[in-house]
Amino acid sequence: MRRPRIRRPRSLAGQLFAMQIVLVTVVVAGCAAFAYVADRGQAEEAARREVTTAAVAVAASSSVRDAVRSPDPAAGLQPYAERVRRDTGVDFVTIMNPDGIRWTHPDPARIGERYLGHTGPALRGETFSETYTGTLGPSVRVVVPVRDGDRTIALVSAGITVDAISAEIRRQLLGLLLVALGALGLGGAGTYLLNARLRRHTHGMNATELSRMHDYHEATLHAVREGLLMLDGQHRIALINDGGRELLGLTGEVMGRRVDALGLPPTLTDALLATEPRVDEVHATADRIVVLNTSPVSGGERHGTVVTLRDHTELQALSGELDSVRGFAEALRSQAHEAANRLHAVVSLIELGRADEAVEFVTAELELAQALTDEVVGAVAEPVLAALLLGKAAQANERGVELVLAPDTHVDDGLLPPRLPARDLVTILGNLVDNAVDAAAEEANRSAAEVRHAQVTVTLRTEAGAGAGGGSSSGGELLLRVTDTGAGVAPEVMEEVFRRGWSTKSPGSAPHGRGLGLALVRQAVRRNGGTVSVTGSQGGGAEFTVRLPLHATHPAEPPPTPAVRTGAPS
């Protein structure tokens, strides 16, 4: 059984082609009708002028007046009238007496009969025209008096039949229709070619399908979480979806604005203005880490750029936590190695029969480890910060750096508000300590001949009655300060250290280059309404200070505790 064929709606190009064919046909038909009416009126007017000229010339002829006075006017006037008719091209020239009896006629049999038409105005000496149906059919005619002094002695009527006029109009109209058909053919061919090109551009889709595709396009742009930007050839925003606004932190009307006027970070702006493609470039904005890809749109000339953005803020934060975990693992491995060495020493002392010395050695090691843990936990009761500091102390110890807690360090358990995520604290403190340890170790290695002491000092405390920006706040703030004995930061670059990509180290091992840690610190601080700054320390290194506002119901700052030192001795 043959399946019924579902008729597909005609494409937009096909609909436009049919509409244009109908439009061209209507225009040509209207022009033809207008031309027919106008030409008919012009043809009648031309015929009236032509017959008037002929009739007036005949009435003014002296030979006509002489023939009228003769005993047999018809004999002299008939040949003359026929000659004039043939020479002028009119259909008839009739000469009659004042009573309307014909002396001439194209049909000699009609001579002597009464003229069919009006003669009254001519008898009064007037020349007039009319359209009247006579022996030859409807005609446009003129009646002119033949005057002899003040007396009308004869009448002359010349005319052209309406059929002759219509035949002339039909000949003209036929030429007009041929021209119209040629114009219609050329218009149809041009319309077909134009719509064939349009059909290629619309892929044969009709208006309904294009409207539906537009709706899908709009819904997709708003549903996609990744950022999408389209820039024109002048680097102005031609299209941006909700994800792009969120990732770039844009508000208000941005359509039509240049990307270098949006207040984006310089490195991100340079990437958007670049003419070459960019693949998986990592850039830091005020609040996020984004991965950028650009692809130029060109077709013989540059038409713009398509930009996609992916949010890697949490991924980069998790990468930082993973690096911390790896550091913890390295510290545990190192501690395991040290524990194995100590265990070998204990076993060797026992084998040598020095049991008392073995017990004394083990007791001292246990007391040192327990004292280290007790000192950190006593100063920082917040478990996340305490665990982080213990791990960082072990890492610093491995690199020959002493990690010191300032005398006024004290943070109680439960003091930090729930809105201050532990992940952000790990990001802030972990990156600052890592950078400080790197700077102190590098400076110590550079000054190895001087046996320089490498040290990192960490301050953690709460302060009542001061806001994160230096203003007042009834809830107080959390102060984190990290000071190192490294080379320090030059005054001219202190504002650049938090920019993504700034680093004093070579970009070797990092997957996207270095200079990301401090950018993550600034983002975490800003997310929590705080401030971060860098100055020079008294020891010649750098001092990073972070202030984070606390909840208003938190207790005031407890009294400071004695200094606590963790890690290896200098």
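What share of the contacts in the protein with a separation of 6 or more comes from residues 24 or more positions apart? The share is 58%, where contact means heavy atoms within 4.5 Å.

## Model and overall make-up

This is a predicted model, in which local features need pLDDT of at least 70 and side-chain atom pairs count only at pLDDT 80 or more, while totals for chains, interfaces and linings use all residues. Residues are numbered from 1 along each chain as its sequence is written, and side-chain values use heavy atoms, with hydrogens and water left out.

The protein has 13 helices and 15 strands. Both kinds of element are DSSP runs numbered from the N terminus: helices are H or I with at least four residues, and strands are E with at least two. Of the 570 residues in the protein, 40% are buried. Buried means under 20% relative accessible area, exposed means over 50%, and partly exposed lies in between (1.4 Å probe, protein chains only).

Four strands form an open sheet in the order 1-4-3-2, with antiparallel pairing. Its edge strands are strand 1 (92-96) and strand 2 (128-134), and each pairs on one side only. From one strand to the next, the twist averages 30 degrees. Such angles run from 0 to 180 degrees between N-to-C directions, with axes fitted as lines to C-alpha atoms, for helices over the stretch in contact.

Two strands count as paired if DSSP finds at least two bridges between them. Strand 2 and strand 3 (residues 137-148) run antiparallel and are joined by seven bridges. Phe128 stands opposite Val143 in strand 3.

Thr133 is placed in strand 2. Leaving out residues up to four places away in sequence, Thr133 touches Pro138 and Arg141. Its C-alpha atom is 8.9 Å from that of Thr161, which is 28 residues away along the chain.

Gly159 lies in strand 4 (residues 151-161). Gly159 is buried, with a relative accessible area of 0%. Beyond residues up to four places away in sequence, Gly159 touches Val51, Val90, Asp91, Phe92, Val140 and Arg141. Between Gly159 and Val142, 17 residues apart along the chain, the C-alpha separation is 6.3 Å.

Strands of a sheet pair through backbone hydrogen bonds, either parallel or antiparallel. Strand 10 (residues 402-405) pairs with strand 11 in the parallel sense, over four bridges. There, Leu403 has Val456 of strand 11 as its bridge partner. Strand 11 (residues 455-463) pairs with strand 12 in the antiparallel sense, over eight bridges. Val456 has Asp484 of strand 12 as its bridge partner, and Leu460 has Leu480. Strand 12 also pairs with strand 14 (residues 542-549), in the antiparallel sense and over seven bridges. Leu479 stands opposite Arg547 in strand 14.

In a regular strand the side chains alternate between the two faces of the sheet. Strand 11 is mostly covered, with nine of its nine residues buried. Gln455, Thr457, Thr459, Arg461 and Glu463 are buried on one side, and Val456, Val458, Leu460 and Thr462 on the other. Strand 12 (residues 477-484) is mostly covered too, with eight of its eight residues buried. One side holds buried Glu477, Leu479, Arg481 and Thr483; the other holds buried Leu478, Leu480, Val482 and Asp484.

## Helices

In helix 8 (residues 266-273), the buried residues are Leu268, Thr269, Ala271 and Leu272. Seen down the helix axis, they fall within an arc of 160 degrees, so they line one face of helix 8. The arc is that of the directions from the helix axis to the C-beta atoms.

Helix 12 (residues 422-446) packs with helix 13 (residues 517-527) at an angle of about 145 degrees, with their axes 9 Å apart. Asp424, Thr427, Ile428, Asn431, Leu432 and Asn435 of helix 12 make the contact with Gly517, Leu518, Leu520, Val521, Ala524, Val525 and Arg527 of helix 13. By class, this contact has seven nonpolar, four polar and two charged residues. Ala, Val, Leu, Ile, Met, Phe, Trp, Tyr, Cys and Pro count as nonpolar, Asp, Glu, Lys and Arg as charged, and the others, Gly among them, as polar.
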